[in-house]
Every structure is written in C-alpha cells, then in structure tokens.
Amino acid sequence: MSDTATQRQYLANFILDTRNYTETVESLIERIQGALESIGFTVGKVDNRGQQEFIRVTDRNYTAGIYVSYELTGPAEASTQIQEKFRLDKQVNRVLVQSKD
C-alpha cells in the first residue's frame, strides 16, 4: 500500500487565546501552521475568521476567541496527533479536527 493511500483530508478548527500573547495574531497562525507541518501534515487553505464571542462563557475574563481553520492533508491518526501536539500550548484554547473524507 502506498503512502498516499493512507493520506486523508481534514478540517482543523482552532480557537486561539491571545490574552498574554505579545506578538501579532498572524505570527501565531504561522507558528501553528509550522507545527502542523512538522508532524507530517500538508497545510492547504488557512482561514482566519477573526474574533468571535462565545455563546457559552465558562470564564468571565475570557469571553471571545480568535477562530482559525486549516485545511490539512495527513495521516489517518490526525486527530490524536494534533490534540497531543497542542495540549500544553497556552495560546491554543480548543482544537476540533473533522475528517473531510
């Protein structure tokens, strides 16, 4: 079986927490893209959806986040790899990985 047969397409949605982040949001988006590429993903389209208010607020000091979507092509274990990579990252609040296949 070839390596391309195990490649799948994904949509990864990130909610970014920039409260204590001093650099630009674009640099954070590029850093996340580089981290995704370092674990074996090919990043297609990146969509910065901007800051949006949360419908259900769990922390009254954090009521909105920056939503960013990445279209990815990568291995079948994508969800667990991405979750593990960004688990301790303070600027990444949430990650949702959806398969497009």
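1. Ile 15 stands opposite Tyr 67, a residue of strand E3. The structure discussed here is a predicted model. Strand E1 covers residues 8-16, and it pairs with E3 in the antiparallel sense over nine bridges.

2. Strand E2, residues 42-53, runs antiparallel to E3, and nine bridges join the two. Within this pairing, Asn 48 has Val 68 of E3 as its bridge partner.

3. How much of strand E3 is covered? E3 comprises residues 64-74 and is mostly covered, with eight of its eleven residues buried. A student may wish to trace this strand on the model with its two pairings in mind: E1 with E3, and E2 with E3.

4. A pair of aromatic rings is described by two quantities, the distance of the centres and the angle of the planes. The count for this structure comes to four aromatic pairs. One of them joins Phe 14 and Phe 86 in an edge-to-face arrangement, at 5.2 Å centre to centre and with 85° between the planes. Phe 14 belongs to strand E1, whereas Phe 86 sits in the loop between helix H2 (78-85) and strand E4 (92-99), so this pair ties together parts that are 72 residues apart in sequence.

5. Are Phe 14 and Phe 86 buried or exposed? Buried means under 20% relative accessible area. Phe 14 has 0% relative accessibility and therefore counts as buried. Phe 86, at 5% relative accessibility, counts as buried too. A further aromatic pair is formed by Phe 54 and Tyr 62; it is edge-to-face, with 5.1 Å centre to centre and 70° between the planes. Both Phe 54 and Tyr 62 are buried.

6. Which residues do ring pairs link into a cluster? The members are Phe 14, Tyr 70 and Phe 86.

7. Turning to charged side chains, a search of the whole structure finds six salt bridges. One of them is between Arg 19 and Asp 17, whose side chains meet at 2.9 Å, N to O. Arg 19 has a relative accessible area of 45% and is partly exposed, while Asp 17, at 11% relative accessibility, counts as buried. Asp 17 and Arg 19 are also linked with Asp 59 in a network of salt bridges.

8. Two other salt bridges may be examined in turn. The side chains of Arg 49 and Asp 47 meet at 3.3 Å, N to O. Arg 49 is partly exposed, its relative accessible area being 46%, and Asp 47 is likewise partly exposed, at 29%. In the other, the side chains of Glu 84 and Arg 87 meet at 3.5 Å, N to O. Here Glu 84 and Arg 87 are both exposed.

9. What volume does the largest pocket have? The value is about 170 Å³. Its lining consists of Ile 15, Phe 54, Ile 55, Arg 56, Val 57, Thr 58, Asp 59, Tyr 62, Tyr 67, Asn 93 and Arg 94. By class, six of the lining residues are nonpolar, two are polar and three are charged.

10. Ile 15 and Tyr 67 are among the lining residues, and Ile 15 stands opposite Tyr 67 in the strand pairing. Phe 54 and Tyr 62 also line the pocket, and together they form an edge-to-face aromatic pair.

Methods:
Residues are numbered from 1 along each chain as its sequence is written. This is a predicted model: local features need pLDDT of at least 70, side-chain atom pairs count only at pLDDT 80 or more; totals for chains, interfaces and linings use all residues. Side-chain values use heavy atoms; hydrogens and water are left out. On a 1 Å grid over the protein atoms alone, a cavity is a set of points where a 1.4 Å probe fits but cannot get out, and a pocket is an open set with protein on both sides within 12 Å along at least five of seven lines; lining residues have an atom within 4 Å of a point. Grid points are joined across faces, edges and corners, and a volume is the space filled by probe spheres set on the points. Ala, Val, Leu, Ile, Met, Phe, Trp, Tyr, Cys and Pro count as nonpolar, Asp, Glu, Lys and Arg as charged, and the others, Gly among them, as polar. Buried means under 20% relative accessible area, exposed over 50%, partly exposed in between (1.4 Å probe, protein chains only). Helices (H or I, at least four residues) and strands (E, at least two) are DSSP runs, numbered from the N terminus. Two strands pair if DSSP finds at least two bridges between them. Rings of Phe, Tyr and Trp (its six-membered ring) pair if their centres lie within 6.5 Å; planes under 30 degrees apart count as stacked, over 60 as edge-to-face and the rest as tilted. A salt bridge is a side-chain nitrogen of Lys or Arg within 4 Å of a carboxyl oxygen of Asp or Glu.
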